[in-house]
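We will go from the whole chain down to single residues.

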Amino acid sequence: MRLVFLGPPGVGKGTQSAVIAKKHAVPHIATGDILRKAICDETEVGLEAKSYIDAGKLVPDEVIIQVMNDRLQVSDAAAGYILDGYPRTIVQGDALARFLLESEKKIDHVFYLGLDEAVLVKRISGRRLCPSCQTIYHILHNKPTKDGQCECGTSLIQRKDDHEDTVKNRLFVYEKETAPLIEYYKKQDILVQIDADGSLKLVSEKIEKILKEDPSLSSSD
Ligand code: AP5
């Protein structure tokens, strides 16, 4: 199973990708998580990415394409994966297509999650993240058992790029750079549009229904 989750910041890509990845036992590969870890570890990629992420801009294509080509060759990705946050530009979409062609693989579905901007902003402002295991919470909709603390025991944080001005810029960049991928994947006939309004469970059920109805997925390698 190879899936892509596409959609604006805060729509629930990370939340839904994690649920589906766990259920189907495939790795959840999230570019945001990879880049935040690189920043934390002060690697070369992290040092380059930091200023872009803090400003709500996209990290340059050549950097992210190299990171993802390396990550997709790790053995755990051989039997499939869920991509969360990649591709995010047409150039990245073309790079992924080349990568897949070389390994004779294909993307099964691109789930495009859509939601009103006002709801997106509420989801982002209430988000809390575990910096250790990357579990995503919400102060109203997906609370941890213990206030401010992840189930793994680490204190939750608010992402630096979740502050109002940066969020506005991320939404602007999404419309300009990432939204064209909707048409790109529609033309390839692999786009599935999901209304991301409603509870976490309801949205998961909509995605799961599509997966269950696809007979090719049970045998997809
Ligand atoms: P990234 O971390 O990928 O951020 P994003 O795409 O902006 O997406 P978010 O993580 O903000 O939102 P999400 O859709 O995953 O929502 P979530 O599930 O958390 O990227 C960060 C930065 O890295 C980028 O800005 C860029 O600089 C760089 N970057 C990353 N990839 C790149 C690439 N390919 N190229 C270049 N640069 C790249 O949910 C949000 C909140 O809502 C949570 O609190 C959650 O609990 C809650 N929630 C979720 N679903 C529901 C629901 N159904 N009901 C109620 N609450 C819900």
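Predicted model: local features only at pLDDT ≥ 70, side-chain atom pairs only at ≥ 80, totals over all residues.

Residues are numbered from 1 along each chain as its sequence is written, and side-chain values use heavy atoms, with hydrogens and water left out.

**Whole chain.** Start with a cartoon view: the chain has 9 helices and 7 strands (DSSP runs, with helices being H or I of at least four residues and strands E of at least two, numbered from the N terminus). The radius of gyration, taken over C-alpha atoms, is 17 Å, close to the 17 Å from the globule rule for 221 residues, so the chain is as compact as a globular protein of that length. That rule is 2.2 Å times the number of residues to the power 0.38. The C-alpha trace spans about 45 × 40 × 30 Å along its principal axes.

**Largest nonpolar core.** Next, select Leu83, Tyr86, Leu96, Val110 and Tyr185, which touch the most other members of the 31-residue core. A nonpolar core here is a set of buried Ala, Val, Leu, Ile, Met, Phe, Trp, Tyr and Cys residues joined through side-chain atoms within 4.5 Å; buried means under 20% relative accessible area, exposed over 50%, and partly exposed in between (1.4 Å probe, protein chains only). Among the elements giving two or more residues to this core are β1 (2-6), β3 (81-84) and α5 (90-102). Now centre on Leu83: beyond its neighbours within four places in sequence, Leu83 is in contact (heavy atoms within 4.5 Å) with Leu3, Val4, Phe5, Ile29, Met68, Leu72 and Leu96.

**Second core.** Then pick Ala21, Ile82, Leu120 and Leu217, which are included in a separate core of 22 residues.

**Backbone details.** Zoom in on Tyr86 and Pro87, joined by a cis peptide bond with omega about 0°. Pro87 sits in the loop between β3 and α5. Move on to Ala25, in the loop between α1 (13-24) and β2 (28-30), where phi is near 55°; Ala25 is exposed at 68% relative accessibility. Gln134, with phi near 70°, lies in the loop between β5 (127-129) and β6 (136-138) and is partly exposed at 21%.

**Last stop.** Is Ser204 buried or exposed? Ser204, in helix α9 (residues 200-212), is buried, with a relative accessible area of 14%. Leaving aside neighbours within four places in sequence, Ser204 is in contact with Gln16 and Val19.
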